[in-house]
Amino acid sequence: MDGRTDGVKDMAVQLPGMARVRARFIEMLIPRHDQIAENALAAWDGESVDEITGNLSSAQRVLHQIAGTAGSLGFPDLGAKASACENEIIAHLQGPDADLAICPFEVIQNIDLFLRDCRDIIEEQA
Amino acid sequence: MKILAVDDDPIILELLGEFILMLGDHELTMAESALDAIEVLRSPDSPRFDCLLIDIQMPGMDGIELTRTLRETKRFAETPILMLTAMTEKRYVDRAFAAGATDYVTKPFDIEELSERIANVEAQVEARRARTGKVFAANAVAEQAQAIALYEPLVIQEVDNVIEYLAMENYIAQLSRSALFGSTTFAFTVREIESFHDRLSAFEFHSLVSDVAEVISDTLAGHQFLMSYAGNGTYVCVTESGWRPDPDQLKDAVNLALKRSELYDNQGHRLEPQVCAGEAVRLIWKSGNSVMDALASAHASAEAACAAFEKSKYDLWTAGQTA
C-alpha cells in the first residue's frame, strides 16, 4: 500500500467490506494498465491528429476512473499520479497543439512512470 | 432514504455500496449508465427514490444531460441530485448546477464529506415531506394562497440558469472551496411584492415569480451566471466569470423588459412588476461563512434599494411641506 493521507481517513481500514472492493480494484487495475499502455503507445506512434487525440482521450478516460477511486482504497499516490496524467492529457487536448499531429513526450513519460507504479502495486498485492 | 447511484465505474458503485451502508439505514440501487438509470426510474417496480447520485462523466449520455432530462419530468423535478465529480472536473460543476444539480461530492470520496452531503439531503427530504404535509392540510381547509409564504424560497422550473435556493447555497459553498477572484453576487427585488402576494392566488404568485425570473434570466443571457429565488421577491445571482455587472444598468434593462412583457392575473388584470437592484458584492478574498455573508449582503442590499425607492416616492409628495 502506498502512503496515505489524513484526507481519506483510512477508509480502507474502517469499513468491513472494503477488502473486497480493494481486491476488485487490483483485479481491474491489470486490464486498465494494459489499456492505458496500449493507448499511450498508439498515441506515441500515431501519425494523424485523430489517431493521437483519440488514443489520448481513451487513456484519459481510464486514468480518470483510477483517479476517482484509488485514493478511497488506500492508494492516494497512485490516484494523484493518475489525476496528474489525466490533467496533462486534458491540457494537451485543449491546448494550442491539439490540432497538430504531436504527442507530447512529457505526457508519455509520465504515463510510463504511472504504469510502473501500477505494476508495483499489482505485484505487491498478488 | 432510497438512493439511486449512477456511475459507469463498477468500483465507484461498490465503494458507494459500502459507504452508504455505513452511513445509515439507506437502500441503494445502482445503474452503470444514464440509460440504465432511466430504465430503472421508469420501471413500475422501482421504489420512489429520495436521492440520486450521478457521475458527471459517463460515456453516451453524461450526468449533466441525465440531470437535465430528469428535471424536465414532474416526478424528479425536486428530487435531490448529488453529482459525483473529480476535482479535475471543476469546469463541469457550473453546468451541473445549471442543469438542476442540488450539490456535488468529489472523488476520491472523503467519508466525512460524503456523510455531510447525505445528511444534508436527508434533512432536505424530511423538510420537504413536512412541507408537503402542510400544503395538503392547507388545501383541505383554505385556498391554496395560504400555502406559499412570502419569505419562502420557491423552486422555479424551466428557466435558464435558475436553480433551487438550496442548490445556490451549495454552489456558493463550493465556490468558497475554489477561486473567488472573478466572482460577484448581486440581487434584484420585486417592488411591492407584499401587495402581489396578498392579492394573488398561490398559483398566480408562483407564475409571477417565474415570469420575472425568466425576464431577468433573458436580460442576463450572454453572461455566465446562476440565479435563485430567495423569497420576499428577491432573486440572488452569482457570476464567477470575471464579469463586473452594473446593477443599475441591469435594473433598467430588466424593468424595460418587464414593461414590454404582458403579464396578467387569472382575472385578466395586467400585472406590472418592477424591480430594484442592490449592490454588486465581489467575493474575492472571502472564505467560508463570509461568502455566505456576501450573498446575504447582496440580498439585503436589493431589499434596501426597494425600501428606499418606496420612501422616495413618499418623500416626493411630502417634499417642501411644513407642519
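Visitor: In what order do the elements of chain A run from the N terminus on?
Guide: The order is α-α-α-α-α. Chain A has five helices and zero strands. Helices (H or I, at least four residues) and strands (E, at least two) are DSSP runs, numbered from the N terminus. The model is predicted: local features need pLDDT of at least 70, side-chain atom pairs count only at pLDDT 80 or more, and totals for chains, interfaces and linings use all residues. Residues are numbered from 1 along each chain as its sequence is written, while chains are lettered from A and ligands numbered from 1 in the order in which they are written.

Visitor: How do you know that the span of helix α4 of chain A is close to the expected one?
Guide: Helix α4(A), residues 76–93, has 18 residues.

Visitor: How many residues of chain B are in contact with chain A, and what makes a contact?
Guide: Two residues are in contact if their C-beta atoms, placed from the backbone, lie within 7 Å. By that test, 16 residues of chain B contact 24 residues of chain A. On the chain B side, α1 (10–23) and α5 (111–141) each supply at least two residues. The largest share, six residues, comes from α1(B).

Visitor: What is the make-up of chain B?
Guide: Chain B has ten helices and twelve strands. Of its 323 residues, 41% count as buried. Among its contacts between residues at least 6 apart in sequence, 72% join residues at least 24 apart.

Visitor: Why is strand β3 of chain B called mostly covered?
Guide: Strand β3(B) covers residues 51–55, and five of its five residues are buried. C51(B), L53(B) and D55(B) point one way. L52(B) and I54(B) point the other way.

Visitor: How do you know which strands pair with β3(B)?
Guide: Strands pair if DSSP finds at least two bridges between them. Strand β1 (residues 2–6) of chain B has four to β3(B), so the two pair, and they run parallel. There, A5(B) stands opposite L53(B). Strand β4 (residues 81–86) of chain B is also joined to β3(B) by four bridges, again in the parallel sense. I54(B) stands opposite M83(B) in β4(B).

Visitor: What makes a nonpolar core, and which residues of the largest one touch the most other members?
Guide: A nonpolar core is a set of buried Ala, Val, Leu, Ile, Met, Phe, Trp, Tyr and Cys residues joined through C-beta atoms within 7 Å. The largest has 116 residues, and L53(B) and A96(B) touch the most other members. Helix α8 (residues 202–220) of chain B gives the largest share, eight residues.

Visitor: What does A96(B) touch?
Guide: Leaving out residues up to four places away in sequence, A96(B) touches I56(B), I64(B), T67(B), M83(B), A101(B) and Y104(B).

Conventions. Buried ≥ 20, exposed ≤ 12 C-beta atoms within 10 Å, placed from the backbone. Expected span 1.5 Å × (residues − 1).
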